[in-house]
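The sequence and the model are shown first.

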Amino acid sequence: MTTRPDLSQLPHGLGTRPVDLRRGLPIPAVNVHPDGEVDFISINSEKAMELAVRGRCGLCARQMTGPVAFLGGPTAAEAGLYSDPPMHEECAEAALTLCPHIARPHARRASERRLEHDATHAVGFSEEKPSEWVLLVCNGYGSALTPAVDGGLVPVFIAGEVLRARRFGYQEGVLTEIAEK
Ligand SMILES: [Zn+2]
């Protein structure tokens, strides 16, 4: 038996999103595709770019004021380059516990499916599920278009000045924040 995700701690913005009835999860803005299809694995890159350019959160689509957050593996954090758009820090935190692709260890099937489904990821971007996630909080961001595997162009988001890097790893199957040394 599967338990429904606990949505009582949702940040305000995500709480206003429509909920996917099958999964019981709020639907992130970037996971709604032009035909209205909802796919939790692949992102709508046009929508991602539009939200970022307008200063809106990729998950809840509300305005971001002050620092923004990026979510990805250590490689993305080191390079400061992301295929997923910036978001509120509290929305990123919610994604860490709710997003099925992130919350469960070894959910590799999701990233494989993403590769299959989404031929539009950027060249040089690894979609392998990282063993550790970094929530990068930074001042500002940029965006650019970069060549995609299918020959088109996809957005890439560039982290600004890094204020904090919060690390999360899987401990006994649960994603847990790793305390700063
Ligand atoms: Zn948000």
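Helices and strands are here DSSP runs, of at least four residues for helices and at least two for strands, numbered from the N terminus. In this predicted model, Gly55, which comes just after α2, takes a positive phi of about 75 degrees.

The helix α2 itself has the buried residues Ser45, Lys47, Ala48, Met49, Leu51 and Ala52, and these buried residues pack against β5 and β6.

The largest nonpolar core has 37 residues, and those with the most contacts inside it are Leu59, Ala69, Cys91 and Ala95.

What does Leu59 touch, when residues up to four places away in sequence are not counted? Its partners are Leu14, Pro28, Ala29, Met87, Cys91 and Ala95, and Cys91 and Ala95 are themselves among the residues with the most contacts inside the core. In soluble globular proteins, nonpolar side chains tend to be buried together.

The loop between α2 and β3 holds Gly66. Because Gly66 has 10 other C-beta atoms within 10 Å, this residue is classed as exposed, the cut-off for that class being 12 or fewer. The C-alpha atoms of Gly66 and Cys138 are separated by 9.0 Å, although the two residues lie 72 residues apart along the chain.

Key
Residues are numbered from 1 along each chain as its sequence is written. This is a predicted model: local features need pLDDT of at least 70, side-chain atom pairs count only at pLDDT 80 or more; totals for chains, interfaces and linings use all residues. A nonpolar core is a set of buried Ala, Val, Leu, Ile, Met, Phe, Trp, Tyr and Cys residues joined through C-beta atoms within 7 Å. A residue is buried if 20 or more other C-beta atoms lie within 10 Å of its own, exposed if 12 or fewer, and partly exposed in between; C-beta atoms are placed from the backbone. Two residues are in contact if their C-beta atoms, placed from the backbone, lie within 7 Å.
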